[in-house]
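Please keep the sequence and the model open while reading.

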Amino acid sequence: MNTKRFFGTFRKRLAPLAVVVFAIAFVYGCSVAEPKTDAKTADVKAANASDTTAPPKGATITIDPNGPADTVRAFYKGLREKKFREAIFLTNLRPAIEGLTDAELKDFSLDFEAIAGDIPTEIEINGEIISGDTATVTANLPNPETEKNEVQQIKLRRQNGIWVILTVDDEAEKRIKQDGKNYFSNLRIETHQEEAKKMLERISNAQLAYSLQNKSVAEFPVLIDAGYLPDDVLSSQSTGYNYVVTLDAKKVGYFATATPAEYGRSGRLSFLLELDGKGISRVTSKDNGGKPMKK
């Protein structure tokens, strides 16, 4: 798992039930259906007729100062220029960041920079629909999965006279208000823990595949060379966890552990992968104060 994959998981957890989620997902948006409103019809048609194969070429509509489209443009500009606080202040993630000190915010710089590098210099904003205190802005942007430009949408809400980009759903927004400045930290820990469990399950599958061919289990470097494991298992840099595999004397049995690289920061739970009496692998976890569950 590399940093890009981690952040992909990280951003998905920001709003598990939302269509539009923080950063990449609302930078890239989601495929836009035919708008069902007569507001600014010309702009909507322009969005739907946009050349989705050409690179973004800047705004193709008139953008009113402090309007929805202007807010979206300001957000992209701030994120691209790595002015993360200013950019996120324009979204409903603001409560998660406004209490962070500059040093605490810097702690997430790698996560945010992973997004900023994917934002085109020119954002082709080509549609704006306003209905009361809600708005939809459409833009022609690259989809990270297809690597093709697509007409996509960003939802906004007018709040105290200011347009706010909706990056998470109502459930996640409640959690943001509850967690405040701890939201990103808690989310990163949850993401690392989720990925740690997945890595142990992958180790289990790798050992099984290797043993079927070699009648033995193996250390990580051997499994990596055989193509069964990613080399991320050797480092905590992208995973936030340290992984250790211990083989028995005959190399037919093993157990593996995953321990937070920085307890309380990269993770809280320790994980253990071991085989039961029938040789079936099982992953368990507990808060062990940052120590391995088995040595």
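## Conventions

Helices (DSSP H or I, at least four residues) and strands (E, at least two) are DSSP runs, numbered from the N terminus. Axes are lines fitted to C-alpha atoms, for helices over the stretch in contact, and angles run from 0 to 180 degrees between N-to-C directions.

The model is predicted: local features need pLDDT of at least 70, side-chain atom pairs count only at pLDDT 80 or more, and totals for chains, interfaces and linings use all residues. Residues are numbered from 1 along each chain as its sequence is written, and side-chain values use heavy atoms, with hydrogens and water left out.

## Helix 9 against helix 10

Two packed helices are described by the angle between their axes and the distance between the axes. Helix 9 spans residues 170–179 and helix 10 spans residues 183–214. Their packing angle is about 115°, and the axes lie 8 Å apart. Helix 9 brings Ala172, Arg175, Ile176 and Asp179 to the contact (heavy atoms within 4.5 Å). Helix 10 brings Tyr183, Asn186, Leu187 and Glu190. By class, this contact has four nonpolar, one polar and three charged residues. Here Ala, Val, Leu, Ile, Met, Phe, Trp, Tyr, Cys and Pro count as nonpolar, Asp, Glu, Lys and Arg as charged, and the others, Gly among them, as polar.

Buried means under 20% relative accessible area, exposed over 50%, and partly exposed in between (1.4 Å probe, protein chains only). In helix 9 the buried residues are Ala172, Glu173, Ile176 and Asp179. Seen down the helix 9 axis, they fall within an arc of 135°, so they line one face of the helix. That arc is taken over the directions from the helix axis to the C-beta atoms. An α-helix has 3.6 residues a turn, so residues three or four places apart point the same way.

The face turned away from the buried side carries exposed Asp170, Glu171, Lys174, Lys177 and Gln178. Just after helix 9, Gly180 takes a positive phi of about 60°.

Strand 6 (residues 241–247) alternates its side chains. Tyr241, Tyr243, Val245 and Leu247 point to one face and are buried.

Thr257 lies in strand 7 (residues 254–260), with Val244 standing opposite. Thr257 is buried at 4% relative accessible area. Beyond four places in sequence, Thr257 touches residues including Leu200, Val244, Phe271 and Pro292. Ala258, also of strand 7, is buried at 0%. The C-alpha atoms of Ala258 and Val245 are separated by 9.1 Å, at 13 residues apart along the chain.

Ser204 is in helix 10. Its relative accessibility is 11%, which counts as buried. Leaving aside neighbours within four places, Ser204 contacts Tyr254, Leu273 and Ser281.

Met293 sits in the segment after strand 9 (281–287). Met293 is partly exposed, at 24%. Met293 and Phe271 are 22 residues apart in sequence, and 6.6 Å apart C-alpha to C-alpha. Phe271 is also one of the residues in contact with Met293.

Conventions
Pairing = 2+ DSSP bridges.
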